[in-house]
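User: I should like to learn how to read the features of a protein model. Could you guide me through an example?

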Amino acid sequence: MPVEVLQGIWAPFGGTCLGASCVFLMRKGLHPAVQRALAGFAAGIMTAASVWSLLLPAMEQAEGLGRWAFLPAAAGVWLGVLFLLLLDQTIPHLHMGSSQPEGPPAQLKKASMLLLAVTLHNIPEGLAVGVALAGWRAGGMAGALALPLGIALQNFPEGAVISMPLQAAGIKKRDAFAYGVLSGAVEPLAAALAFWAAGLVLPALPYLLSFAAGAMLYVVVEELIPEMSAGEHSNVGTLCFAAGFTVMLALDTALG
């Protein structure tokens, strides 16, 4: 496996680990305004990545279909959305925008369910990285290496969002850091699996790319937008969404 592929698979996990390490630097949990800002930034990156790094390349891969080149992308998006909907309905977890009850026991329960929520939405990110790297290796996606870097950037706040509430609920810093790291461990596994599968079935690459895009968009709408819009001064989340979108757009262009 090329070094670039290995770096791409592990880069997002590195972002999660760095974010989780914030628990050693701060004494208290994240301020709600900071949580909204981080959620907005992550949502912006994921939205831009879904379009420029996944959907547009998927349609380019299917250009042989002529004016029907959008069909694999449209089908893949729906498959991704329905897959995440199935996970959302069958696995109990707390949405990131849910209100937080009072008291340490309730805080611990919320933090534990948020851990599951973040772990769930790391699955489509890993799939996206894997299929994008497979497309890059096949020679059809010049800008695919921007995606792992963009997801690594948006994984930084996710790691902090997991580890710091756990510390605030009474968990030791070392253990809170470990849980934050574990929330991202599924990502390189999903990326490696998707890379391997996409390499075997390159004709299905447009469907796999758009599947990952649909799954990521589901996470943005279902988890991150409610979080960035909660409470007062929700315009902070909106501005950070625009910032994340712009950063990912710049990365995709610069590395493309």
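**Reading helices and a charged pair**

Analyst: In this predicted model, the axes of α1 and helix α5 (residues 146–168) come within 6 Å and cross at roughly 30°. Because angles under 35 degrees count as roughly parallel, α1 is roughly parallel to α5.

User: Which values describe two packed helices, and what is the handedness of the crossing of α1 and α5?

Analyst: Two packed helices are described by the angle between their axes and the distance between the axes. As for handedness, α1 passes α5 in a right-handed crossing.

User: What span should the 18 residues of helix α1 have?

Analyst: At 1.5 Å a residue, helix α1 (residues 3–20) should span 26 Å, and this agrees with its end C-alpha atoms, which are 26 Å apart.

User: Where in α1 does a kink lie?

Analyst: The kink, of about 35°, is found at W10, shortly before the proline P12.

User: Which residues in α1 are buried?

Analyst: The buried residues of α1 include V5, G8, I9, P12 and F13. Also among them are G15, T16, C17, G19 and A20.

User: How should I read a salt bridge, and how many are counted here?

Analyst: Side chains of opposite charge can pair when their charged atoms come close. The count here is 1 salt bridge. R174 and D175 form a salt bridge, with their closest N and O atoms 3.9 Å apart.

User: Is R174 buried or exposed?

Analyst: R174 has a relative accessible area of 60%, so R174 is exposed.

Key. Residues numbered from 1 in each chain as written. Predicted model: local features only at pLDDT ≥ 70, side-chain atom pairs only at ≥ 80, totals over all residues. Heavy atoms only, no water. Helix = DSSP H or I, 4+ residues; strand = E, 2+ residues; numbered from the N terminus. Expected span 1.5 Å × (residues − 1). Bend = angle between axes of the 7 residues up to and from the residue. Buried < 20%, exposed > 50% of the residue type's maximum accessible area, 1.4 Å probe, protein only. Salt bridge = Lys/Arg side-chain N within 4 Å of Asp/Glu carboxyl O. Axes fitted to C-alpha atoms, helices over the stretch in contact; angles between N-to-C directions. Parallel < 35°, antiparallel > 145°, perpendicular 65-115°, else oblique. Left-handed = near helix turned anticlockwise from the far one by under 90°.
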